[in-house]
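User: Please take me through this structure slowly, and tell me how each description is reached.

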Amino acid sequence: MKEFIHSLLSEAFRKAKEGGELKTSDLPPLAIDVPKDPAHGDLASNLALVLARSEGRPPRQIAEMLARRLPQSEDLAAVTVAGPGFLNFKLAPRFWWRRLAEVCAEGSRFGRRTPRRRLKVQVEFVSANPTGPLTVGHGRNAVLGDSIARLLEACGHEVVREYYFNNAGRQMLVLGESVRARYLERCGLPSSFPQDGYQGEYIREIAADLEAKHGATLVGAADHMPFQQHAERAIFDDIAATLERMRIRFDVHFNEDSLYRDGSIDRVLADLRAAGAVYDKDGAQWLRLTSLGLPADRVIVKSSGEPAYRLPDIAYHRNKLERGFDEIVDVLGADHIAEHQEVKAGLRALGLDDSRVRGIIHQFVTLLRAGQLVKMSTRRAEYVTLDELVSEVGADVVRFLFLARKADTHLEFDLELAKKQSMENPVYYVQYAHARIANIVRKAQSEGVDGAAPADVAFHRLTQEDELTIIRRLAEFPDLVSEAAAELEPHRVTFYLLDLAAAFHGYYNRKENRVVSEDLELTRARLALVGGVRQVIAGGLDLLGVSAPDRM
RNA sequence: GCCCCCGUGGUGAAAUGGAUAUCACGGCAGCCUCCGGAGCUGCAGGUCCAAGUUCGAUUCUUGGCGGGGGCACCA
C-alpha cells in the first residue's frame, strides 16, 4: 500500500528534478503514514516538509509543486496539500477493491513476506536457570521471545529459538545440596539444609521421587552430583511442559557447561588478556570495562579461580557470532540490563561486531489477586508459578495480555480481570470478532450461499464508507507486520487487532450492513469482506500465538 | 551516590519528530421483531514541571520532581 504512494512520489521527485524545480539530489528518507484523522486522506507524506530545509523554500510551496508533478493514476481520487505542507492522498475505491481481492486470493499467506535478503536470526529467550519452576516474569519473557520469533518468520527470515541452559556454577551446587538435604530428611538422617538453599515444595517432591526410585542407596553419595543431576532433569522437564502449554518450543538448548568442556571459556579469557582488556587485582581478574564505555570494571575470574558469570556469557555470545547469525536477539528481564551491556562490551574488546546483538529488555510483571500484590521469589517459594497461571486463565489470555503492553513498561497482571469474559478482557473481544464471522459464514451456508472465488466477487458492490474503512485496515496489515518485526515489537499487532475487531463489530451492528441478504451478489461481496477480516484476525492472532476459535 | 526503565483523562495503556493526542475500563445518556448483546452509538475528561533544539516535541537534549528496577569475587 505504501509502496504505491512511494512510487508516485519518487516519480514526481524525479520529474521535478529534471524540470529544474529541485536542488536536492536524492530522494530523502520520507514518511508515508495513515493519518490519524481520516479527513486527511488515506495516506499522507511529509516529503515536502523534509525537503524544506535543503530547498530553502516554504514546505507548502514544494508540496504544491510536487502535487503538480505526480503521475496520473486512476487509483488516485484526490491529492491535496494541507497543514504545514503535507501531501494527502485519497485513493479511489477501485484501489481498495483490488486490495481486498489480494487479501482473499492470498489467504493465510497475506501479511507474510519474502525478504530481499533472508536473514539468519537467533532469538534467545526464557533461559531460566533450572533451579525452580518458571515464574510469571519468565512467562512475559517467553511470550515476547516467541512472538518476536513468529514475526521474524512471517517476514521470511530463518529463525532459531534458543534456550541458554545455565547449568554450571554455584547455584547448581546449592540446588544439589538442597535436594540432598531433603532426601536425607526423608531417610530419617541428620541433614543440614544450605543457608541459601531453595525452599520450594518442588525440592521435596524431587527428593521423594529420588527415594522412590533409589530407596536409601544414595545416602552415602560422595557429593551432590546425583542429586543435582536428578533435580536438573526433573526441573527442566517441568519447565518444558509449561512452555509446551504456552505453545512454545525451542530449536536449540545450549548448555553452559559445554563452554567449559570445549575450552571456549579459556580461549575467551586468553583473547581478552591478549587484547589488554584484563588486569589482576586482589587475586582476581578484572575486565577493563571503563575503557569500553561502561561505568565500572568488573571481576571476570574470581580469586577462587572460578569464572564470574560474565565470562561464560561473553564466550556464549562469541559462539553465537561464530555460528553466523546475521542478527542475534536477546530477550532479557530488566535485572539483566547491566549484564547485557557488559557482554556487548566484552565482544567489542574481542574485536567482534556487537551491533548484531540486540537486547530486548522487558520490565517486571506484578501479579494482583483481589487487588492484592502477590509476592514472587524463587528461593522463598511464595510465588504463583507460570504453570499455575496458565491453569487458572489459559494460555490465550496469558499470551495476549502479556503482549498488550510495550516491553519496557511495568505490567500489572490482574487475575480477576484476566478471568472476566467481557470487554475488560480484550482477548475475548478479538476472538469474538473471529467467532462471529465464522457464525455468519455458517448462516450463509445454511441458506445455501457459498462464497464465490475471488475472481468472481463483485467487489464494486462494497461502496459504503465503513466497508472501505475496513478494507483500508486490512491493507495495512502487511506493513504493520514488517514494522513490528523490524522493531521487535509484537504489541503493535495486539493493538492493530483490537482496532480491526472494533471496526468489524461496529460494521456488524448496523442493520443495513447485514451480510446475508436476498441480493446474492452483494452477499458474496460482503462475505469476501468479512472473510478478509476473519483471515487477518486469524493471521494476527497466530503471530501472537493465540488461537482463533470459530465458536466460543 | 551511580546506571537503566516509566510519568499521557478517575484507572490501565497507544502514538518512525507531524496536522484537531488514540483506545479500552469506569461515569453519564441511549441501542436487541434482524447473521451470537462476550456487541454497538453518543457525551464529559488528559501529555509531571522548567528550559533548549526544531517550521513542528508526548516523542530528542539538559535540569528538577515522582514511581519501579539494578548497582556482589550471585546468576
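**Terms and what they rest on**

User: Which residues of α6 meet which residues of α7?

Analyst: On the α6 side they are Ser178, Val179, Arg182, Tyr183 and Arg186, and on the α7 side Ile203, Arg204, Ile206, Ala207, Ala208, Leu210 and Glu211. Two residues are in contact if their C-beta atoms, placed from the backbone, lie within 7 Å. Helices (H or I, at least four residues) and strands (E, at least two) are DSSP runs, numbered from the N terminus. The model is predicted, so local features need pLDDT of at least 70 and side-chain atom pairs count only at pLDDT 80 or more, while totals for chains, interfaces and linings use all residues. Residues are numbered from 1 along each chain as its sequence is written, and chains are lettered from A and ligands numbered from 1 in the order in which they are written.

User: Why is α6 called oblique to α7?

Analyst: The axes of α6 (residues 170-186) and α7 (residues 201-214) come within 8 Å and cross at roughly 60 degrees. Axes are lines fitted to C-alpha atoms, for helices over the stretch in contact, and angles run from 0 to 180 degrees between N-to-C directions. Angles under 35 degrees count as roughly parallel, over 145 as roughly antiparallel, 65 to 115 as roughly perpendicular and the rest as oblique, and therefore α6 is oblique to α7. The crossing of these two helices, α6 and α7, is right-handed, a word used if the near helix is turned clockwise from the far one by less than a right angle, with left-handed kept for anticlockwise.

User: What makes α17 roughly parallel to α19?

Analyst: Helix α17 (residues 465-487) packs against α19 (residues 520-544) at an angle of about 30 degrees, with the axes 10 Å apart, and that angle makes α17 roughly parallel to α19. Their crossing is left-handed. The contact brings Glu467, Ile470, Leu474 and Phe477 of α17 to Leu529, Gly532, Val533 and Val536 of α19.

User: Why is Gly85 called buried?

Analyst: A residue is buried if 20 or more other C-beta atoms lie within 10 Å of its own, exposed if 12 or fewer, and partly exposed in between, with C-beta atoms placed from the backbone. Gly85 has 22 other C-beta atoms within 10 Å, and therefore it is buried. Gly85 sits in the loop between β3 (76-82) and β4 (86-91), and beyond its neighbours within four places in sequence it is in contact with Ala48, Leu49, Ala52, Pro59, Arg60, Ile62 and Ala63. In chain A, buried residues make up 40% of the 552 residues.

User: How do you know which strands pair with β11?

Analyst: Two strands pair if DSSP finds at least two bridges between them. Strand β5 (residues 120-124) has four bridges to β11 in the parallel sense, with Gln122 partnering Ile328, and strand β12 (residues 357-362) has six bridges to β11, also parallel. From β11 the chain crosses through helix α12 (residues 337-349) to β12 in a right-handed β-α-β crossover, meaning that, with the strands pointing away from the viewer, the path from the first strand over the helix to the second runs clockwise. Strand β11 (residues 327-333) is mostly covered, with five of its seven residues buried.

User: What makes β8 and β10 edge strands?

Analyst: Three strands form an open, antiparallel sheet in the order β8-β9-β10, and β8 (278-281) and β10 (298-301) each pair on one side only. Three bridges join β9 (residues 284-287) to β10, where Leu287 stands opposite Arg298.
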